[in-house]
Amino acid sequence: MDSAYLKRQLAINRDRIAALARGIPEEQSSWKQDPDTWSILEVVNHLADEEEFDFPVRLKMILEKSEKPWPSIDPVGWVLEHKYNEQDLFESLTRYMTLRNLNLEWLDSIENPDWDTVYEAPFGEIKAGDMFVSWVTHDLLHLRQLVELQRFYLVEKAKPFQLDYAGDW
């Protein structure tokens, strides 16, 4: 596994996420395609909470061979519980970026991590390397989601006109 590449991807993804969320008007930041989907604001707050409570916390536990129980998280429940859609986008994005920067510093401080270290999670064994690549992949899932949210919003704002000439989506 190329850990330097993965660390670079976490840094690049931080910038990509910021670029997709920066300058979004308040109305658009909390807009949802339907009640079952997330808004841009909800995605950004989710990513900030993941930086604080999920991937780096669990990766650290695995690498340290911790005996502590797997921390419980509730990403879907937090959307309402933490009132993501009532937050300020700029403040939420700043929180996400600050946490990501701290996590990147932590990753840089680890000397010779054993990516094959295994932790017995409630769902079964997971290696440190699995957690690390999942962290990077999680970013990509939400980058795609942010792009899709911007496109769906454009579809609504462009009515009655069609976007078909741009190409297949």
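Trainee: Is the crossing in which α6 passes α7 left-handed or right-handed?
Mentor: This is a predicted model, in which local features need pLDDT of at least 70 and side-chain atom pairs count only at pLDDT 80 or more, while totals for chains, interfaces and linings use all residues. Residues are numbered from 1 along each chain as its sequence is written, and side-chain values use heavy atoms, with hydrogens and water left out. Helices here are DSSP runs of H or I with at least four residues, numbered from the N terminus. A crossing is left-handed if the near helix is turned anticlockwise from the far one by less than a right angle, and right-handed if clockwise; the crossing of α6 and α7 is left-handed.

Trainee: Are α6 and α7 roughly parallel or roughly antiparallel to each other?
Mentor: Axes are lines fitted to C-alpha atoms, for helices over the stretch in contact, and angles run from 0 to 180 degrees between N-to-C directions. For α6 (residues 89-109) and α7 (residues 128-158) the axes are 14 Å apart and the angle is about 155°. Angles under 35 degrees count as roughly parallel, over 145 as roughly antiparallel, 65 to 115 as roughly perpendicular and the rest as oblique. The two helices α6 and α7 are therefore roughly antiparallel.

Trainee: Which residues in α7 do Y96, R100, N103 and L107 in α6 meet?
Mentor: Contact means heavy atoms within 4.5 Å. With that cut-off, the residues in α7 that meet those four in α6 are F132, W135 and D139.

Trainee: How many residues in the contact of α6 with α7 are charged?
Mentor: Ala, Val, Leu, Ile, Met, Phe, Trp, Tyr, Cys and Pro count as nonpolar, Asp, Glu, Lys and Arg as charged, and the others, Gly among them, as polar. Four residues of this contact are nonpolar and one is polar, while the number of charged residues is two.

Trainee: How far does α6 reach from its first C-alpha to its last?
Mentor: The expected span of a helix is 1.5 Å times one less than its number of residues. For the 21 residues of α6 this gives an expected 30 Å, and the distance in the model is close to that, at 30 Å.

Trainee: Is L47 buried or exposed?
Mentor: L47 lies in helix α3, where it touches I17, Y96, H138, D139 and H142, not counting residues up to four places away in sequence. Although L47 and H138 are 91 residues apart along the chain, their C-alpha atoms are separated by 9.0 Å. Buried means under 20% relative accessible area, exposed over 50%, and partly exposed in between, with a 1.4 Å probe and protein chains only. L47 has 2% relative accessibility and therefore counts as buried.

Trainee: Which residues of α4 make the contact with E50, E51, E52 and F53 of α3?
Mentor: The axes of α3 and α4 come within 4 Å and cross at roughly 20°, and these helices are therefore roughly parallel. The residues on the α4 side of the contact are F55, P56 and V57.

Trainee: What is the phi of K65 near?
Mentor: K65 is found in the loop between α4 and α5, and with a relative accessible area of 59% it is exposed. Most residues other than glycine have a negative phi, and most peptide bonds are trans. K65 is not glycine, yet its phi is positive, near 55°.
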